[in-house]
Amino acid sequence: MLGLRSLGTQSRRGAQLVGARSLSKVVFRDTYGAYINGKEVFPTGADTFDVENPATGEHLCKVTSLDKKTVGDACELAHDVYQSGIWSRSDVRHRAAVMNKIAIDLRANINNLAEMEVAQTGRAVREMKAQLGRLPEWFEYFGALIRTHEGTVPPFFGPYINYVKRVPLGVCGLLTPWNHPLLIAVKKIAPAIATGNSIVLKPSELAPVSVLELAALCSRAGLPNGVLNVLPGMGPSAGQAICSHDRIRKIDLTGGTPTGRAVGAAAGANLAGVITELGGKAPMLIFEDADIEQAVNGAAFATFVASGQTCIMGARVLVHESKYEFFMHALTAKARRIRLGDPFDVTTQMGPVISANSRSRIAGLVERAKKEGAHVFTGGCNAYLPAPFDKGYYYEPTILGVHPAMEIWREEVFGPVVVAVPFKDEAEAVRLANDSPFGLAAAIWTKDVMRAHRVAEQMDVGIVWINDHHRNDPSSPWGGTKDSGVGRENGLNALHEYTQTRSVVVRTEDSKWDWFEQPNARYS
Ligand code: TXE
(Lines give C-alpha, C1' and ligand atoms only; values in the text may rest on other atoms or scores of the structure.)
Protein backbone atom coordinates (compact mmCIF):
# COMPACT_ATOMS: atom_id res chain seq x y z
CA MET A 1 0.00 0.00 0.00
CA LEU A 2 2.15 2.88 -1.22
CA GLY A 3 -0.51 5.53 -1.50
CA LEU A 4 -4.18 6.30 -1.24
CA ARG A 5 -5.77 6.87 -4.58
CA SER A 6 -8.34 9.30 -3.21
CA LEU A 7 -5.65 11.80 -2.19
CA GLY A 8 -4.50 12.35 -5.74
CA THR A 9 -0.93 13.16 -6.71
CA GLN A 10 -1.03 16.83 -7.63
CA SER A 11 1.32 19.05 -5.72
CA ARG A 12 0.18 21.88 -3.46
CA ARG A 13 -0.33 24.91 -5.66
CA GLY A 14 0.36 28.54 -5.28
CA ALA A 15 3.17 28.92 -2.81
CA GLN A 16 2.07 31.99 -0.97
CA LEU A 17 4.42 34.93 -1.00
CA VAL A 18 3.96 37.77 1.41
CA GLY A 19 7.10 39.84 0.93
CA ALA A 20 5.47 43.06 2.07
CA ARG A 21 5.89 42.11 5.70
CA SER A 22 9.66 41.58 5.40
CA LEU A 23 11.75 42.61 8.35
CA SER A 24 14.87 44.72 7.94
CA LYS A 25 17.70 42.78 6.36
CA VAL A 26 21.14 42.67 7.85
CA VAL A 27 23.92 44.33 5.88
CA PHE A 28 26.95 42.24 5.00
CA ARG A 29 30.42 43.66 4.42
CA ASP A 30 32.06 43.00 1.03
CA THR A 31 34.70 40.65 2.43
CA TYR A 32 35.26 38.82 5.72
CA GLY A 33 38.62 37.55 6.93
CA ALA A 34 39.51 34.75 9.32
CA TYR A 35 39.36 35.39 13.07
CA ILE A 36 42.74 34.51 14.58
CA ASN A 37 44.29 35.59 17.88
CA GLY A 38 41.45 37.97 18.71
CA LYS A 39 41.31 39.85 15.42
CA GLU A 40 40.10 39.60 11.87
CA VAL A 41 42.96 38.75 9.50
CA PHE A 42 43.30 38.67 5.72
CA PRO A 43 46.37 36.50 4.99
CA THR A 44 48.31 37.80 1.98
CA GLY A 45 47.47 35.99 -1.22
CA ALA A 46 44.59 34.01 0.34
CA ASP A 47 41.72 33.02 -1.95
CA THR A 48 38.15 33.96 -1.20
CA PHE A 49 34.86 32.16 -1.68
CA ASP A 50 31.38 33.58 -2.22
CA VAL A 51 28.46 33.30 0.16
CA GLU A 52 25.02 33.57 -1.39
CA ASN A 53 21.45 34.00 -0.22
CA PRO A 54 19.68 30.73 -1.14
CA ALA A 55 16.28 32.46 -1.19
CA THR A 56 17.24 34.70 -4.09
CA GLY A 57 20.59 33.43 -5.37
CA GLU A 58 22.01 36.92 -4.68
CA HIS A 59 25.66 37.34 -3.65
CA LEU A 60 26.02 38.28 0.02
CA CYS A 61 29.77 38.60 0.56
CA LYS A 62 33.21 37.08 0.02
CA VAL A 63 35.06 35.22 2.76
CA THR A 64 38.76 34.40 3.03
CA SER A 65 39.56 30.79 2.26
CA LEU A 66 42.54 29.58 4.28
CA ASP A 67 45.22 27.26 2.94
CA LYS A 68 47.04 24.49 4.77
CA LYS A 69 49.95 26.73 5.84
CA THR A 70 47.73 29.39 7.47
CA VAL A 71 45.64 26.71 9.15
CA GLY A 72 48.85 25.14 10.48
CA ASP A 73 50.06 28.50 11.84
CA ALA A 74 46.71 29.03 13.57
CA CYS A 75 46.90 25.55 15.16
CA GLU A 76 50.40 26.40 16.49
CA LEU A 77 49.15 29.71 17.84
CA ALA A 78 46.20 28.00 19.57
CA HIS A 79 48.69 25.52 21.04
CA ASP A 80 50.93 28.34 22.37
CA VAL A 81 47.92 30.05 23.94
CA TYR A 82 46.89 26.76 25.51
CA GLN A 83 50.39 26.20 26.89
CA SER A 84 50.56 29.73 28.29
CA GLY A 85 47.82 28.77 30.75
CA ILE A 86 46.10 32.13 30.34
CA TRP A 87 42.82 30.28 29.87
CA SER A 88 43.62 26.58 30.30
CA ARG A 89 44.89 27.04 33.87
CA SER A 90 42.75 30.02 34.80
CA ASP A 91 40.50 29.86 37.85
CA VAL A 92 37.17 28.20 37.06
CA ARG A 93 35.40 31.18 38.65
CA HIS A 94 36.98 33.39 36.00
CA ARG A 95 36.03 31.02 33.19
CA ALA A 96 32.44 30.78 34.46
CA ALA A 97 32.22 34.59 34.67
CA VAL A 98 33.39 34.97 31.06
CA MET A 99 30.90 32.30 29.94
CA ASN A 100 28.11 34.25 31.64
CA LYS A 101 29.21 37.52 30.02
CA ILE A 102 29.20 35.81 26.60
CA ALA A 103 25.63 34.65 27.33
CA ILE A 104 24.54 38.20 28.22
CA ASP A 105 26.14 39.73 25.11
CA LEU A 106 24.74 37.00 22.90
CA ARG A 107 21.24 37.62 24.24
CA ALA A 108 21.61 41.31 23.37
CA ASN A 109 22.65 40.45 19.80
CA ILE A 110 20.20 37.68 18.95
CA ASN A 111 18.21 39.68 16.42
CA ASN A 112 21.23 40.72 14.34
CA LEU A 113 22.73 37.27 14.40
CA ALA A 114 19.40 35.64 13.56
CA GLU A 115 18.93 37.89 10.54
CA MET A 116 22.45 37.07 9.40
CA GLU A 117 21.59 33.37 9.64
CA VAL A 118 18.35 33.94 7.71
CA ALA A 119 20.26 35.58 4.86
CA GLN A 120 22.93 32.85 4.73
CA THR A 121 20.68 29.81 5.11
CA GLY A 122 17.27 30.93 3.81
CA ARG A 123 15.64 29.60 6.97
CA ALA A 124 12.50 31.43 8.09
CA VAL A 125 13.14 34.30 10.49
CA ARG A 126 10.60 32.98 13.00
CA GLU A 127 12.59 29.74 13.23
CA MET A 128 15.99 31.40 13.53
CA LYS A 129 14.90 33.80 16.27
CA ALA A 130 13.36 30.96 18.26
CA GLN A 131 16.47 28.82 17.84
CA LEU A 132 19.05 31.52 18.57
CA GLY A 133 17.09 32.73 21.58
CA ARG A 134 18.24 29.59 23.36
CA LEU A 135 21.96 29.80 22.53
CA PRO A 136 22.98 31.72 25.68
CA GLU A 137 21.77 28.73 27.72
CA TRP A 138 24.72 26.67 26.46
CA PHE A 139 27.22 29.17 27.84
CA GLU A 140 25.30 29.48 31.11
CA TYR A 141 24.95 25.72 31.50
CA PHE A 142 28.61 24.89 30.87
CA GLY A 143 29.74 27.89 32.96
CA ALA A 144 27.68 26.48 35.84
CA LEU A 145 28.85 22.94 35.19
CA ILE A 146 32.54 23.80 35.30
CA ARG A 147 31.97 25.83 38.48
CA THR A 148 30.24 22.94 40.25
CA HIS A 149 31.95 19.91 38.77
CA GLU A 150 33.89 17.87 41.33
CA GLY A 151 36.64 15.30 40.91
CA THR A 152 36.58 11.82 42.41
CA VAL A 153 38.55 9.88 45.03
CA PRO A 154 38.58 6.19 44.06
CA PRO A 155 39.03 3.58 46.82
CA PHE A 156 42.72 3.00 46.03
CA PHE A 157 44.37 -0.05 47.60
CA GLY A 158 46.85 0.48 50.49
CA PRO A 159 48.22 3.62 52.23
CA TYR A 160 47.35 5.96 49.39
CA ILE A 161 44.89 8.67 48.53
CA ASN A 162 44.04 8.83 44.85
CA TYR A 163 42.33 11.95 43.61
CA VAL A 164 41.18 12.30 40.03
CA LYS A 165 40.68 15.64 38.31
CA ARG A 166 39.41 16.34 34.84
CA VAL A 167 41.82 18.49 32.83
CA PRO A 168 41.53 19.98 29.32
CA LEU A 169 42.81 18.24 26.21
CA GLY A 170 44.68 21.02 24.38
CA VAL A 171 43.74 22.33 20.94
CA CYS A 172 40.38 21.07 19.65
CA GLY A 173 39.34 21.24 15.98
CA LEU A 174 35.64 21.96 15.47
CA LEU A 175 34.07 21.45 12.03
CA THR A 176 30.56 22.81 11.72
CA PRO A 177 27.81 22.70 9.07
CA TRP A 178 25.49 25.25 7.50
CA ASN A 179 22.06 24.07 8.64
CA HIS A 180 22.25 25.53 12.18
CA PRO A 181 25.47 27.55 11.83
CA LEU A 182 25.46 29.12 15.30
CA LEU A 183 23.56 26.49 17.29
CA ILE A 184 25.96 23.72 16.32
CA ALA A 185 29.04 25.93 16.76
CA VAL A 186 27.82 26.96 20.23
CA LYS A 187 27.06 23.35 21.25
CA LYS A 188 30.75 22.62 20.68
CA ILE A 189 32.38 25.93 21.71
CA ALA A 190 30.66 26.16 25.12
CA PRO A 191 31.92 22.84 26.59
CA ALA A 192 35.32 23.21 24.87
CA ILE A 193 36.11 26.61 26.39
CA ALA A 194 34.42 25.97 29.75
CA THR A 195 36.90 23.13 30.27
CA GLY A 196 39.92 25.27 29.28
CA ASN A 197 40.73 24.08 25.76
CA SER A 198 41.81 26.25 22.83
CA ILE A 199 39.83 26.00 19.60
CA VAL A 200 40.32 26.18 15.87
CA LEU A 201 36.89 26.12 14.24
CA LYS A 202 36.11 25.76 10.55
CA PRO A 203 32.58 26.90 9.81
CA SER A 204 30.72 25.71 6.74
CA GLU A 205 31.74 27.48 3.56
CA LEU A 206 28.02 28.01 2.90
CA ALA A 207 27.28 29.99 6.10
CA PRO A 208 30.43 31.16 7.89
CA VAL A 209 29.69 34.80 8.73
CA SER A 210 27.59 34.51 11.90
CA VAL A 211 30.22 32.19 13.41
CA LEU A 212 32.94 34.79 12.69
CA GLU A 213 30.75 37.40 14.43
CA LEU A 214 30.31 35.10 17.42
CA ALA A 215 34.09 34.76 17.83
CA ALA A 216 34.47 38.55 17.95
CA LEU A 217 31.65 38.75 20.50
CA CYS A 218 33.42 36.16 22.70
CA SER A 219 36.65 38.22 22.60
CA ARG A 220 34.79 41.37 23.59
CA ALA A 221 33.24 39.45 26.49
CA GLY A 222 36.68 38.60 27.87
CA LEU A 223 37.77 35.35 26.20
CA PRO A 224 41.56 35.71 25.79
CA ASN A 225 42.95 36.15 22.30
CA GLY A 226 43.80 32.92 20.53
CA VAL A 227 41.45 30.70 22.58
CA LEU A 228 38.77 30.70 19.86
CA ASN A 229 40.03 30.99 16.28
CA VAL A 230 37.67 30.74 13.30
CA LEU A 231 39.30 29.51 10.09
CA PRO A 232 37.01 29.72 7.05
CA GLY A 233 37.81 27.63 4.02
CA MET A 234 36.91 24.52 2.09
CA GLY A 235 36.38 21.14 3.76
CA PRO A 236 38.93 19.08 1.83
CA SER A 237 41.66 21.75 2.26
CA ALA A 238 41.21 23.88 5.42
CA GLY A 239 39.05 21.25 7.16
CA GLN A 240 41.37 18.39 6.36
CA ALA A 241 44.41 20.50 7.38
CA ILE A 242 42.86 20.91 10.85
CA CYS A 243 42.10 17.18 11.14
CA SER A 244 45.62 16.13 10.21
CA HIS A 245 47.53 18.73 12.27
CA ASP A 246 49.52 17.09 15.03
CA ARG A 247 48.65 19.75 17.64
CA ILE A 248 44.98 18.79 17.48
CA ARG A 249 43.87 16.57 20.37
CA LYS A 250 40.20 16.25 19.46
CA ILE A 251 38.08 16.71 16.35
CA ASP A 252 34.38 17.44 16.76
CA LEU A 253 32.41 17.36 13.49
CA THR A 254 28.77 17.78 12.62
CA GLY A 255 28.34 16.93 8.96
CA GLY A 256 27.76 14.16 6.46
CA THR A 257 28.68 10.52 7.06
CA PRO A 258 31.37 10.42 4.30
CA THR A 259 32.97 13.52 5.91
CA GLY A 260 32.83 11.74 9.27
CA ARG A 261 34.84 8.85 7.86
CA ALA A 262 37.45 11.16 6.24
CA VAL A 263 37.80 13.22 9.40
CA GLY A 264 38.05 10.16 11.66
CA ALA A 265 40.78 8.62 9.50
CA ALA A 266 42.89 11.81 9.53
CA ALA A 267 42.48 12.38 13.27
CA GLY A 268 43.15 8.71 13.99
CA ALA A 269 46.56 8.95 12.31
CA ASN A 270 47.55 11.44 15.06
CA LEU A 271 45.77 9.48 17.79
CA ALA A 272 43.43 12.43 18.31
CA GLY A 273 39.94 11.76 19.67
CA VAL A 274 36.84 12.19 17.51
CA ILE A 275 33.23 13.17 18.10
CA THR A 276 31.00 12.98 15.02
CA GLU A 277 27.36 13.92 14.72
CA LEU A 278 26.41 12.76 11.23
CA GLY A 279 23.41 11.95 9.12
CA GLY A 280 20.07 10.53 10.18
CA LYS A 281 16.78 9.09 8.94
CA ALA A 282 14.62 9.46 12.03
CA PRO A 283 11.48 7.30 12.17
CA MET A 284 8.24 8.59 13.67
CA LEU A 285 6.11 5.71 14.97
CA ILE A 286 2.42 6.61 15.08
CA PHE A 287 0.47 4.03 17.06
CA GLU A 288 -3.26 3.55 16.78
CA ASP A 289 -3.88 4.93 20.28
CA ALA A 290 -1.98 8.20 19.65
CA ASP A 291 -3.65 11.60 19.65
CA ILE A 292 -3.66 11.56 15.86
CA GLU A 293 -4.34 15.26 15.40
CA GLN A 294 -1.37 16.13 17.59
CA ALA A 295 0.77 13.47 15.90
CA VAL A 296 0.05 15.10 12.53
CA ASN A 297 1.11 18.49 13.92
CA GLY A 298 4.22 16.92 15.42
CA ALA A 299 5.14 15.06 12.25
CA ALA A 300 4.72 18.20 10.12
CA PHE A 301 6.96 20.14 12.52
CA ALA A 302 9.49 17.29 12.59
CA THR A 303 9.69 17.07 8.81
CA PHE A 304 9.34 20.58 7.43
CA VAL A 305 11.00 22.87 9.97
CA ALA A 306 14.33 24.11 8.52
CA SER A 307 13.04 22.80 5.15
CA GLY A 308 13.86 19.35 6.48
CA GLN A 309 17.54 20.16 6.71
CA THR A 310 18.25 18.81 10.16
CA CYS A 311 19.94 15.58 11.09
CA ILE A 312 17.04 14.51 13.33
CA MET A 313 14.24 15.57 10.96
CA GLY A 314 11.24 13.24 10.79
CA ALA A 315 12.26 11.43 7.63
CA ARG A 316 10.19 8.24 7.84
CA VAL A 317 6.66 8.08 9.17
CA LEU A 318 5.36 4.66 10.21
CA VAL A 319 1.63 4.63 10.88
CA HIS A 320 -0.55 1.84 12.22
CA GLU A 321 -2.56 0.51 9.28
CA SER A 322 -5.88 1.31 10.99
CA LYS A 323 -4.99 5.03 11.08
CA TYR A 324 -2.84 5.26 7.93
CA GLU A 325 -5.43 6.69 5.58
CA PHE A 326 -6.71 9.27 8.08
CA PHE A 327 -3.19 10.30 9.12
CA MET A 328 -1.92 10.65 5.55
CA HIS A 329 -4.94 12.75 4.54
CA ALA A 330 -4.36 15.10 7.46
CA LEU A 331 -0.59 15.34 7.02
CA THR A 332 -0.98 15.97 3.30
CA ALA A 333 -3.53 18.73 3.89
CA LYS A 334 -1.20 20.31 6.43
CA ALA A 335 1.84 20.15 4.14
CA ARG A 336 -0.13 21.81 1.35
CA ARG A 337 -0.94 24.73 3.64
CA ILE A 338 2.70 25.47 4.52
CA ARG A 339 3.54 28.99 3.38
CA LEU A 340 6.74 29.22 1.34
CA GLY A 341 8.15 32.66 0.75
CA ASP A 342 10.54 35.39 1.78
CA PRO A 343 12.47 34.00 4.77
CA PHE A 344 12.55 37.51 6.26
CA ASP A 345 8.77 37.62 6.35
CA VAL A 346 7.51 36.73 9.82
CA THR A 347 4.58 34.84 8.31
CA THR A 348 6.74 32.61 6.08
CA GLN A 349 6.76 29.05 7.33
CA MET A 350 9.34 27.46 5.05
CA GLY A 351 12.26 28.87 3.10
CA PRO A 352 14.38 27.34 0.34
CA VAL A 353 16.96 24.58 0.71
CA ILE A 354 20.57 25.64 1.02
CA SER A 355 21.87 25.49 -2.56
CA ALA A 356 21.26 24.57 -6.18
CA ASN A 357 23.31 21.38 -5.64
CA SER A 358 21.29 20.41 -2.66
CA ARG A 359 18.00 20.94 -4.48
CA SER A 360 19.09 18.83 -7.43
CA ARG A 361 20.23 16.05 -5.09
CA ILE A 362 16.82 16.12 -3.36
CA ALA A 363 15.00 16.16 -6.71
CA GLY A 364 17.15 13.25 -7.94
CA LEU A 365 16.27 11.10 -4.95
CA VAL A 366 12.56 11.90 -5.31
CA GLU A 367 12.57 11.23 -9.07
CA ARG A 368 14.26 7.86 -8.55
CA ALA A 369 11.71 7.03 -5.83
CA LYS A 370 8.89 7.84 -8.26
CA LYS A 371 10.46 5.52 -10.83
CA GLU A 372 10.61 2.80 -8.16
CA GLY A 373 6.86 3.25 -7.65
CA ALA A 374 6.57 5.76 -4.81
CA HIS A 375 3.16 7.40 -4.45
CA VAL A 376 3.31 11.21 -4.31
CA PHE A 377 0.82 12.43 -1.71
CA THR A 378 1.99 15.98 -2.26
CA GLY A 379 4.98 17.92 -3.60
CA GLY A 380 7.69 15.98 -5.37
CA CYS A 381 8.91 18.95 -7.39
CA ASN A 382 10.61 22.33 -7.19
CA ALA A 383 8.49 25.22 -5.92
CA TYR A 384 8.43 28.28 -8.15
CA LEU A 385 7.90 31.66 -6.50
CA PRO A 386 7.66 35.15 -7.96
CA ALA A 387 10.80 37.32 -8.32
CA PRO A 388 13.18 37.75 -6.63
CA PHE A 389 12.56 34.30 -5.12
CA ASP A 390 12.29 32.67 -8.54
CA LYS A 391 16.10 32.44 -8.35
CA GLY A 392 15.93 30.74 -4.95
CA TYR A 393 16.19 27.00 -4.26
CA TYR A 394 12.66 26.25 -3.12
CA TYR A 395 11.33 22.70 -3.03
CA GLU A 396 7.75 21.73 -2.28
CA PRO A 397 6.96 20.05 1.06
CA THR A 398 6.86 16.44 -0.11
CA ILE A 399 5.20 13.30 1.20
CA LEU A 400 5.78 9.95 -0.48
CA GLY A 401 4.19 6.57 0.13
CA VAL A 402 7.05 4.11 -0.28
CA HIS A 403 8.26 0.59 0.26
CA PRO A 404 11.22 -0.21 2.55
CA ALA A 405 13.11 -1.75 -0.37
CA MET A 406 13.44 1.65 -2.06
CA GLU A 407 16.59 3.77 -2.06
CA ILE A 408 14.76 6.71 -0.46
CA TRP A 409 13.89 4.60 2.58
CA ARG A 410 17.58 4.33 3.46
CA GLU A 411 19.28 7.44 2.01
CA GLU A 412 19.25 10.73 3.87
CA VAL A 413 17.45 13.35 1.72
CA PHE A 414 18.26 16.43 3.83
CA GLY A 415 15.31 18.32 2.45
CA PRO A 416 11.53 18.66 3.03
CA VAL A 417 10.68 15.08 2.14
CA VAL A 418 9.08 12.43 4.34
CA VAL A 419 8.44 8.84 3.31
CA ALA A 420 5.49 6.89 4.74
CA VAL A 421 4.82 3.20 5.37
CA PRO A 422 1.95 1.53 7.28
CA PHE A 423 2.60 -1.18 9.89
CA LYS A 424 0.49 -4.03 11.28
CA ASP A 425 1.68 -4.31 14.86
CA GLU A 426 4.26 -3.11 17.37
CA ALA A 427 6.87 -5.70 16.40
CA GLU A 428 6.72 -4.64 12.76
CA ALA A 429 6.91 -0.95 13.74
CA VAL A 430 10.07 -1.59 15.76
CA ARG A 431 11.63 -3.64 12.98
CA LEU A 432 10.91 -0.96 10.36
CA ALA A 433 12.13 1.85 12.63
CA ASN A 434 15.48 0.12 13.15
CA ASP A 435 15.79 -0.81 9.46
CA SER A 436 18.25 2.00 8.69
CA PRO A 437 22.01 2.51 8.45
CA PHE A 438 21.49 5.55 10.70
CA GLY A 439 20.63 5.69 14.40
CA LEU A 440 20.32 9.28 15.50
CA ALA A 441 16.76 9.81 16.73
CA ALA A 442 13.23 8.41 16.79
CA ALA A 443 9.81 9.68 17.88
CA ILE A 444 7.07 7.52 19.36
CA TRP A 445 3.48 8.74 19.36
CA THR A 446 1.20 6.80 21.73
CA LYS A 447 -0.91 7.39 24.83
CA ASP A 448 -0.04 3.96 26.24
CA VAL A 449 2.70 4.67 28.78
CA MET A 450 3.86 1.05 28.91
CA ARG A 451 4.12 0.81 25.16
CA ALA A 452 5.96 4.14 24.98
CA HIS A 453 8.78 2.96 27.24
CA ARG A 454 8.79 -0.59 25.87
CA VAL A 455 9.26 0.68 22.32
CA ALA A 456 11.79 3.37 23.38
CA GLU A 457 13.85 0.57 24.93
CA GLN A 458 14.06 -1.16 21.53
CA MET A 459 15.07 1.85 19.41
CA ASP A 460 18.65 1.58 18.12
CA VAL A 461 19.19 5.35 18.27
CA GLY A 462 20.79 7.93 20.55
CA ILE A 463 17.70 10.13 21.15
CA VAL A 464 14.02 9.18 21.56
CA TRP A 465 11.14 11.60 21.94
CA ILE A 466 7.78 10.39 23.18
CA ASN A 467 4.84 12.40 21.81
CA ASP A 468 7.18 15.11 20.51
CA HIS A 469 10.14 15.78 18.24
CA HIS A 470 13.26 18.00 17.87
CA ARG A 471 13.51 18.90 21.59
CA ASN A 472 17.02 19.74 22.73
CA ASP A 473 18.60 21.09 25.90
CA PRO A 474 22.21 21.87 26.90
CA SER A 475 21.92 19.22 29.64
CA SER A 476 20.60 16.39 27.46
CA PRO A 477 23.01 14.00 25.66
CA TRP A 478 22.82 14.32 21.87
CA GLY A 479 24.33 11.94 19.33
CA GLY A 480 23.72 8.71 17.51
CA THR A 481 24.50 5.07 16.84
CA LYS A 482 25.63 3.30 13.63
CA ASP A 483 26.35 5.65 10.68
CA SER A 484 25.04 8.62 12.71
CA GLY A 485 28.39 8.96 14.43
CA VAL A 486 30.28 8.51 17.68
CA GLY A 487 30.34 10.47 20.94
CA ARG A 488 27.78 12.81 22.46
CA GLU A 489 27.20 16.53 22.61
CA ASN A 490 25.61 18.32 25.60
CA GLY A 491 25.51 17.60 29.30
CA LEU A 492 28.11 15.85 31.43
CA ASN A 493 28.99 13.77 28.36
CA ALA A 494 30.30 16.87 26.60
CA LEU A 495 32.29 17.88 29.67
CA HIS A 496 33.89 14.43 29.61
CA GLU A 497 34.44 14.56 25.83
CA TYR A 498 36.44 17.79 26.22
CA THR A 499 38.50 16.69 29.21
CA GLN A 500 40.67 13.79 30.28
CA THR A 501 41.37 12.49 33.75
CA ARG A 502 44.54 13.18 35.68
CA SER A 503 44.91 10.64 38.46
CA VAL A 504 47.17 11.67 41.37
CA VAL A 505 48.24 8.89 43.76
CA VAL A 506 49.60 10.14 47.11
CA ARG A 507 51.45 7.90 49.56
CA THR A 508 50.26 8.66 53.12
CA GLU A 509 52.48 6.25 55.12
CA ASP A 510 55.74 7.90 56.24
CA SER A 511 57.98 4.79 56.36
CA LYS A 512 61.08 3.75 54.40
CA TRP A 513 60.76 1.07 51.75
CA ASP A 514 63.15 -0.48 49.25
CA TRP A 515 61.99 -3.05 46.73
CA PHE A 516 65.50 -4.49 46.27
CA GLU A 517 66.36 -4.86 49.96
CA GLN A 518 63.00 -5.82 51.46
CA PRO A 519 61.67 -9.20 50.25
CA ASN A 520 58.13 -8.29 51.38
CA ALA A 521 58.04 -4.78 49.87
CA ARG A 522 54.71 -3.93 48.22
CA TYR A 523 54.63 -4.38 44.43
CA SER A 524 51.33 -2.80 43.55
O1 TXE B 1 28.27 18.55 4.92
P2 TXE B 1 29.79 18.27 5.03
P3 TXE B 1 27.50 19.27 3.73
C4 TXE B 1 24.66 15.79 5.99
C5 TXE B 1 23.47 15.85 5.09
C6 TXE B 1 23.96 16.69 3.96
C7 TXE B 1 25.34 16.18 3.83
C8 TXE B 1 26.28 17.09 3.14
O9 TXE B 1 23.17 14.58 4.63
O10 TXE B 1 23.24 16.51 2.78
O11 TXE B 1 25.76 15.98 5.16
O12 TXE B 1 26.21 18.39 3.71
C13 TXE B 1 33.62 20.24 6.49
N14 TXE B 1 37.71 17.22 6.00
N15 TXE B 1 24.66 16.80 7.01
O16 TXE B 1 28.12 19.16 2.41
O17 TXE B 1 30.43 18.35 3.69
C18 TXE B 1 32.75 21.23 5.73
O19 TXE B 1 33.53 22.24 5.13
C20 TXE B 1 37.38 18.11 6.97
C21 TXE B 1 24.26 16.40 8.30
O22 TXE B 1 27.31 20.63 4.18
O23 TXE B 1 29.96 17.05 5.83
C24 TXE B 1 31.85 21.72 6.83
O25 TXE B 1 32.52 22.68 7.63
N26 TXE B 1 36.27 18.84 6.94
C27 TXE B 1 24.41 17.43 9.30
C28 TXE B 1 31.61 20.45 7.65
O29 TXE B 1 32.72 19.61 7.38
C30 TXE B 1 35.43 18.67 5.93
C31 TXE B 1 24.59 18.81 8.98
C32 TXE B 1 30.32 19.69 7.26
O33 TXE B 1 30.30 19.56 5.84
C34 TXE B 1 35.70 17.76 4.89
C35 TXE B 1 25.03 19.06 7.64
C36 TXE B 1 36.89 17.01 4.96
N37 TXE B 1 37.24 16.10 4.03
C38 TXE B 1 25.04 18.06 6.72
N39 TXE B 1 34.68 17.80 4.01
C40 TXE B 1 23.86 17.20 10.63
N41 TXE B 1 24.27 16.10 11.26
O42 TXE B 1 23.10 18.03 11.11
C43 TXE B 1 33.80 18.70 4.48
N44 TXE B 1 34.25 19.23 5.64
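**Stop 1: the seven-stranded sheet.** Select β14, β15, β16, β13, β12, β18 and β19: in that order they form an open sheet of seven strands with mixed pairing. Strands here are DSSP E runs of at least two residues, and helices are H or I runs of at least four, both numbered from the N terminus. Two strands count as paired if DSSP finds at least two bridges between them. Colour the edges next: β14 (375-378) and β19 (463-466) each pair on one side only. From one strand to the next, the twist averages 25 degrees. Axes are lines fitted to C-alpha atoms, over the stretch in contact for helices, and angles between N-to-C directions run from 0 to 180 degrees.

This is a predicted model: local features need pLDDT of at least 70 and side-chain atom pairs pLDDT 80 or more, while totals for chains, interfaces and linings use all residues. Residues are numbered from 1 along each chain as its sequence is written, and side-chain values use heavy atoms, without hydrogens or water.

**Stop 2: inside the sheet.** Select residues 282-286 and 314-320. These are β12 and β13, paired in the parallel sense over five bridges. Zoom in on Ala282; its bridge partner in β13 is Gly314.

**Stop 3: helix α1.** Select residues 68-84. The 17 residues of α1 reach 24 Å from first C-alpha to last, close to the 24 Å expected at 1.5 Å a residue. That expected span is 1.5 Å times one less than the number of residues. Which residues of α1 are buried? Among them are Thr70, Val71, Ala74, Cys75, Ala78 and Tyr82. Buried means under 20% relative accessible area, exposed over 50%, and partly exposed in between (1.4 Å probe, protein chains only). Just after α1, click Gly85: its phi is positive, about 80 degrees.

**Stop 4: Pro168.** Move to strand β6 (residues 160-168), where Pro168 lies. Pro168 counts as buried because its relative accessibility is 11%. Show its contacts (heavy atoms within 4.5 Å). Beyond neighbours within four places in sequence, they include Tyr82, Ser88, Asn197 and Tyr498.

**Stop 5: the cysteines.** How many disulfides are there? The count is zero, taking a disulfide as a pair of cysteine sulfur atoms within 2.5 Å. Select Cys218 and Cys172. The closest cysteine sulfur to that of Cys218 is in Cys172, 15 Å away, so the two are too far apart for a bond. Cys218 is buried, at 0% relative accessibility. Finish on Cys381, which is partly exposed at 28%.
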